[in-house]
There are 2 protein chains.
Amino acid sequence: MHTLLHELQAIVGRQHVLTEGDLSAWTQDWRKRTHGKALAVVRPACTNEVARIVKACASYRSAHPDSRVSLVPQGGNTGLVVGSTPDDSGQQIVLNLQRMNAIRTLDAANLTVTVEAGCILQAVQEHAQAAGFLFPLSLAAEGSCTIGGNLGCNAGGTQVVRFGNARDLCLGLEVVTPTGDIWHGLSGLRKDNTGYDLRNLYIGSEGTLGIITAATLKLYPLPATQLTAWAAVPSMEAAVTLLGLAHRHLGAGLTGFEVMGQFALSLVAKHFDQLRVPLYADWPFCVLLENSDHESESHARAQFESLLEAAMEAGCVTDAVVAESLTQAKTLWQVRERIPLAQAEEGLNIKHDISVPVSAIPAFVKATDAQLASAIPGVRLVNFGHLGDGNLHYNVQAPEDQDAAEFLRTQEPQVNRIVFDSVMAHGGSISAEHGVGSLKVEHLTHYKSAVALHTMRAIKQALDPQNLMNPGRVVRA
Amino acid sequence: MHTLLHELQAIVGRQHVLTEGDLSAWTQDWRKRTHGKALAVVRPACTNEVARIVKACASYRSAHPDSRVSLVPQGGNTGLVVGSTPDDSGQQIVLNLQRMNAIRTLDAANLTVTVEAGCILQAVQEHAQAAGFLFPLSLAAEGSCTIGGNLGCNAGGTQVVRFGNARDLCLGLEVVTPTGDIWHGLSGLRKDNTGYDLRNLYIGSEGTLGIITAATLKLYPLPATQLTAWAAVPSMEAAVTLLGLAHRHLGAGLTGFEVMGQFALSLVAKHFDQLRVPLYADWPFCVLLENSDHESESHARAQFESLLEAAMEAGCVTDAVVAESLTQAKTLWQVRERIPLAQAEEGLNIKHDISVPVSAIPAFVKATDAQLASAIPGVRLVNFGHLGDGNLHYNVQAPEDQDAAEFLRTQEPQVNRIVFDSVMAHGGSISAEHGVGSLKVEHLTHYKSAVALHTMRAIKQALDPQNLMNPGRVVRA
């Protein structure tokens, strides 16, 4: 093993092979559910170093067939499915890409930016904005997550209703394959039909098929203005009707559509009493809408007003406010973003990241609420999410009088079963935007079609026969 | 062999296994470049029949290891790269999916429609429109091509600048795998991160990894209006500047941006003298712009006027007209769509379907024009295409005094080499929207990166070890 570590030191420099001291920033997952043990944390500076690291590990494995040495690619380590931290074998090498954080080029006429995998998402957003463009991927961890991680797990976030997931924002990749070769697939092309779609195969594969080292991303012109509205709706059905109206009235201007349940909002009001939570007291759900307009604020406001008027007439909105200032808009988004924090303040809970077709959301929520209430009297549901793209964070909190840790220990399997069975019955997905990692790999075995799993395994074995790349994640070899 | 044909007859009915008479509708490619010989043309009625056909062929191959029986999936047979017709071995079965043309469901709240692979593209467009929605895929062959073919080769067309390629319009697939299993991957989900992106792997694989039998497609609200403008521009650089302005002024309203060279337009004027071709006489290029607006025609017109004013001020438009009526708009599109026909009237020519980053288009055109003119004095260039997404149909016509057939025979390899080398030097793709088929499979071997080809071959071998699915297309096993 020492030979391998020496080799890695020779590649990246001794100071970038960490083996001692507190390594928990790299070995503990974001939600602190697991704490692994790494053989080393290696921090390469460039794509060639990544390729040499992979070759060194592959050679070591060939020479030592009994060894379990493998690689765990890591960006900002903000993932939610335990996909970027080592297991407890002490044989996994964390390959952290944060030193590779250069923005290589911005091509204004082509509306693209090419960045290294270790770039912080917010740095890419800011670089684009400074040049007059929008890079629309936006999510809670944007201040610390990296583009490589975003693409590795096909991150979603709040702008998906208009711009799609990380996958939809990527035109080309540079990837180090499991043999340590470099695929120079960076491309600013919007049309390229020369063979299989390797780009999308690597995106979302969570580092199990190769290591994304750089990407060419789509940019959009900065909108002239972004307006935010907050609407109370009488039911989830009404929220879905409002979404349809918003598509028709705002067209591609609709860049955000978030739904929030009354209990979720009450937790924000309770735990962040300096924040004013509007309109939630009398209605089961509120919706946050964002309208991005390339013309002007007054045009955006007129559009919003016409939408809300139509929605009130249709009975799907009972009350609404349009933010009068940027500060007010930010406050509305803050309320939305504080829900997970408020929930944590309230105590441990069981999180879900599920999606169903938008049309099935009301039935899904009704059926699942009822089943949980009947199985666990007094259970509390923190339901919120990106309704615009069918993605709910349907979280389950212990009854008020019950110990949260005890609740998790005893009820998590049952709660997951009820929620996931209901998701499947409604044509949905048990992981909408967070990915699989090791957290959901067993669930996948149960819920994913056998044909799909067989195909995934065949691809994994064909591209990574040594099982060197993030083994045990996404799909068991 | 007879046993296999009997088995196929038992599966689909005797009348749907065609072996005699004129089969050229299925065995000759659209551009009549090649005429193959089929063992049979088989026309299944449903997904289960497709699965049984594949199983029957796979079994036959297992029992007869020397046999070369294989399957060629086919939709409307309008492809341009000889990908959906049999070779001349007489051992390939054409699996034509046109009987599978049901529209299964339209989900208005989810903005999706689920259709079988054999649906004609135009039928899907019309079904969507009747329900108040837009299915934006649009291309010249839309009256006869099928959705299965569109997805199989990831078709592009004229709306890509706003809506992306066929790939970007598909949320889920039903696929029969090379083992005859059915992957039930139909899904109306906009977020689903449960494993590798099999959908995008099948899309664009041209039937070499499995047979797409149905798809769930994205719908958009119908725009309130679509306006068309026609602008003369002084150079290709000016056209690119105009594109940037159009993105800023029209936002997501910009749904079409086509460039047409003066010689291309002169051929339309010459061969279709009933069509008035505007503004082309004095300028090297014209641009066709489409603005889709969810508000009103007057709003769209004001947007266009503000854009064209800014463009004239910037010097990138010298003259322009905005269509005053739907008829006038249709005529402008007709001029654009007649270019390939006018070119055919003028004589045989060498067609290219290439893309480069939008920012590189002026340099690419200048360099390639010069190289061709120097290699073949008097050569004529029919240059037009979807500038909005970097895709040019950069076609090469014989000098006026030269026999076209002779030109093709003697000059095609040299012309292809000059064009493709230049494409690669400018970071482009030698097949932007038409695919690879058998026409470009050798070119790919030369121009595609070895790492990508190796990865593609590994996937093909892993998923189709018998090489049963459209062998010899896209990538040689």
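The area buried between chain B and chain A comes to about 6,100 Å², with carbon and sulfur atoms giving 58%. This is a predicted model, where local features need pLDDT of at least 70, side-chain atom pairs count only at pLDDT 80 or more, and totals for chains, interfaces and linings use all residues. Residues are numbered from 1 along each chain as its sequence is written, chains are lettered from A and ligands numbered from 1 in written order, and side-chain values use heavy atoms, leaving out hydrogens and water.

Trainee: What makes an area "buried"?

Mentor: Buried area is the accessible area (1.4 Å probe) that two parts lose on being put together, summed over both. In chain B, B:Lys191, B:Asn193 and B:Tyr196 lose the most to chain A, together 17% of what that side buries.

Trainee: Why is the pair A:Lys191 and B:Glu433 called a salt bridge?

Mentor: The term needs a side-chain nitrogen of Lys or Arg within 4 Å of a carboxyl oxygen of Asp or Glu. The closest N and O atoms of A:Lys191 and B:Glu433 are 2.7 Å apart, so the pair qualifies. Across the interface of chain B and chain A, the rule finds six salt bridges.

Trainee: How do you know that E5(A) and E6(A) pair?

Mentor: Strands (DSSP runs of E, at least two residues, numbered from the N terminus) pair if DSSP finds at least two bridges between them. E5(A) and E6(A) have four bridges, in the antiparallel sense, so they count as paired. Here A:Leu106 stands opposite A:Val113 in E6(A).

Trainee: What order do the strands of that open sheet take?

Mentor: The five run E5-E6-E10-E8-E9 in chain A, with antiparallel pairing. E5(A) and E9(A) are called edge strands because each pairs on one side only.
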